[in-house]
Amino acid sequence: MLGFAGCYAALLLIAHRPEAWLMYTMVMLQGLFGYGIAALYGVIPADIFGGRRFASIFSVMTLGGNLGAGTGPWITGYLYDVTGSYAPGFGLCLLCSLAALGCIWMASPRKIRLAAGPAERRAAARAAPLL
């Protein structure tokens, strides 16, 4: 979400300072941290919210993402038609990204869970007799 937020912030800054480095920053943030982790879309929430409720949490998260993907371009286009600028749409996207980041932060557990392999090795090491 920070990648998306940074991308939208760079897009807002480009309107005031049209410099190449801002464009490259926006592209790198969008590509590396936005869509670059698309393969981890299910893994990250499984790690944060794993357990009995993961399917429900992942379903709501996916529904929210799909609603945003479907309505975001329409709302941004509407705001452009009304204001003549993309700034309100990009600002709204920035706020939504930061709100989503805050929601994930508040909902995630504050303890570190071990994956199956490391947890088993650690348990085996504790159970092994000392020589």
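Colleague: How do you know that the span of helix H5 (residues 87–107) agrees with its 21 residues?

Modeller: The expected span is 1.5 Å times one less than the number of residues. For H5 this gives 30 Å, and the end C-alpha atoms are 30 Å apart, so the two agree. Helices here are DSSP runs (H or I, at least four residues), numbered from the N terminus. This is a predicted model, in which local features need pLDDT of at least 70 and side-chain atom pairs count only at pLDDT 80 or more, while totals for chains, interfaces and linings use all residues. Residues are numbered from 1 along each chain as its sequence is written, and side-chain values use heavy atoms, with hydrogens and water left out.

Colleague: What is said of the span of H4 (residues 54–83)?

Modeller: Its 30 residues should span 44 Å, and the end C-alpha atoms lie 41 Å apart, which agrees.

Colleague: Where does H4 bend?

Modeller: At Thr 71, by about 35 degrees; the bend is the angle between axes fitted to the seven residues ending there and the seven starting there. Pro 73 follows within four residues. Just after H4, Gly 84 has a positive phi of about 80 degrees.

Colleague: What makes up the largest nonpolar core?

Modeller: Phe 4, Ala 5, Tyr 8, Phe 90 and Leu 94, 5 residues in all. A nonpolar core is a set of buried (under 20% relative accessible area, 1.4 Å probe, protein chains only) Ala, Val, Leu, Ile, Met, Phe, Trp, Tyr and Cys residues joined through side-chain atoms within 4.5 Å. H1 supplies the largest share, 3 residues.

Definitions and conventions: Helix = DSSP H or I, 4+ residues; strand = E, 2+ residues; numbered from the N terminus. Buried < 20%, exposed > 50% of the residue type's maximum accessible area, 1.4 Å probe, protein only.
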